[in-house]
Amino acid sequence: MSRPVRRLLVVLAAAVPLFLALVPPSSAHGFSSTVYAHVSDGDDGRLRTELRLEYDLLVVSAADSGKDDALFRTGTAAFDAGDTGAQAAALEAHRAAVVGYVTRRFTVDRGGACAPAPVGGFRMGREEGVPHARLTLDWTCPERGEGAGDHTISSALFPDAEGYVKGTRTIVTSTVGGHGGSAALDAAHPSFSVGQPWTARFWEFFRLGAEHLLGGIDHILFLLALIAGSRRPREIVLAATSFTLAHSVTFLLAALGLVEVPARIVEPVIALSIAVVAGWHLWRLARRGTRAGDLGPTGDGRLGLDRAGWVRLAVVFCFGLVHGLGFAGALGIEAAWSWTLLWSLLVFNVGIEVVQLAVIAVVFPLLLLLRRRAPRAGLLVTGTLCAGVAAMGLIWCVQRALGL
C-alpha cells in the first residue's frame, strides 16, 4: 500500500469518531407522528370524517389532557400486551376523554363551528406496523347561509407543546359534493378548505415531499454517498436517475396499497443501503489508491460505464426500490384509487425530486472543482464523508433491526 493511501486511511479513521459525534444515531424521521383523515359527505347533510390516530400517543395525550389516570393505566397495559381487543375496549371505556381530546384539536367549520358526534365504536388497525385507533365522526354544521363558504378542516392534534412527539402532520383527503381535495396540515399550516384550488393542493404536497426528504437524514446521507462516489457528471446523473426511477415505482405502488412491506424490514435495509453505497467508494479508495478520483472515462461500455459502473447502478436501483417504500410511509393513504389521490402522490414525489436535484446541483460541482484543483484533498473529503456515512448506516441498521 502506497504512503499517500496509508495517510489517507489514517485520516479517515481519525475523522470517523468526529463525524459520529456531530451526527448522533437517530431514527429515519425522528419522533414524529402522522394522523390520517378522510372527509366525505355524510347522511342528512352532515360531514363525515374518518380518523386514524397512533394508539399509544392518543392514550397518553387524552389521559394527560383529561387527567384520566385510569385511561393511561389500562391503555398502556393493552398496548404492551399487543391486544387489539383490549386496546379498543380501553378507548371505549374512556370515550368521553378520548373523543373530547380529539374534537378539541380536530375541528370542522362552515360559517360557524360544526358539532361532532361519534359514529360507532373505536376500531383498531395498523399503519407502518404501529397500532392506530380509528374513529368516525359526523359533523352537523350551520345551515349554509350567505358567506358560509366551504367547510374548513383544522387540526392541532398532538402538538409539540405536549412534549410527546414533534412535528405532527395530519394528512387529509376529501370527497365532498363531488369535489376532491387533499392537504397536509401541520403547526404552520393548520387548516384548509375542502374547496381549495388545485394550486393550493399542489403546494401542500410539494412542500410535504420536500420537507420529508430534508427531514429524513438517512435519505440525505444516501444521496451524499452517491455524490461522493461519482467522479463525473454522467455518473451522478445516471445514479440519480436510477434511484429516482426505482423509488418512484415502489412509492406509488406502496402508497396506493398495492405493495406492503413491514417497516421493521424496510428501515434496516434503508440503513444498510447507506453503508453499502458509502462503502463502495471506500473500497475503491483502498483498491485504486490516489487513482480512485481519476476524472477520465470509466469504461468502454454503454454510456461510458465499465462493468463495475453498471453493477453500481444496479445496486442503487435495488436500494431505490426500498427507499420508495420509506417515502410512501410518510403518507399512509388507504383511500380508494382516484385521480385526486394520484395527483397528490405525484406532487409529493416531485417535491422529493426537486430537493434531491438541488442537493446534487450544490454539492457535486463543489466536489468536482476540488478534485480538479486538488485531487488528494478531494479524495480526503469524499473519503472522510463516506467513512462517516458508512459508520452511521451500520449503526442505524443494527439499531433498527434490534428495535432499539
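Q: Is Glu 92 buried, partly exposed or exposed?
A: This is a predicted model, in which local features need pLDDT of at least 70, side-chain atom pairs count only at pLDDT 80 or more, and totals for chains, interfaces and linings use all residues. Residues are numbered from 1 along each chain as its sequence is written, and side-chain values use heavy atoms, with hydrogens and water left out. Buried means under 20% relative accessible area, exposed over 50%, and partly exposed in between (1.4 Å probe, protein chains only). Glu 92 has 31% relative accessibility, so the residue counts as partly exposed.

Q: Which residue forms a salt bridge with Glu 92?
A: A salt bridge is a side-chain nitrogen of Lys or Arg within 4 Å of a carboxyl oxygen of Asp or Glu. The closest N and O atoms of the Glu 92 pair are 3.1 Å apart. The partner is Arg 95.

Q: How many residues apart in sequence are the parts that Glu 162 and Arg 105 tie together?
A: These two residues form a salt bridge, with N and O atoms 3.8 Å apart at the closest. Glu 162 lies in the loop between strand S7 (152-155) and strand S8 (169-176), and Arg 105 in helix H5 (residues 95-105); helices (H or I, at least four residues) and strands (E, at least two) are DSSP runs, numbered from the N terminus. The parts so tied are 57 residues apart.

Q: Is Asp 138 buried or exposed?
A: Asp 138 meets Arg 46 in a salt bridge (3.8 Å, N to O). Arg 46, at 27% relative accessibility, counts as partly exposed. Asp 138 is at 6%, so Asp 138 counts as buried.
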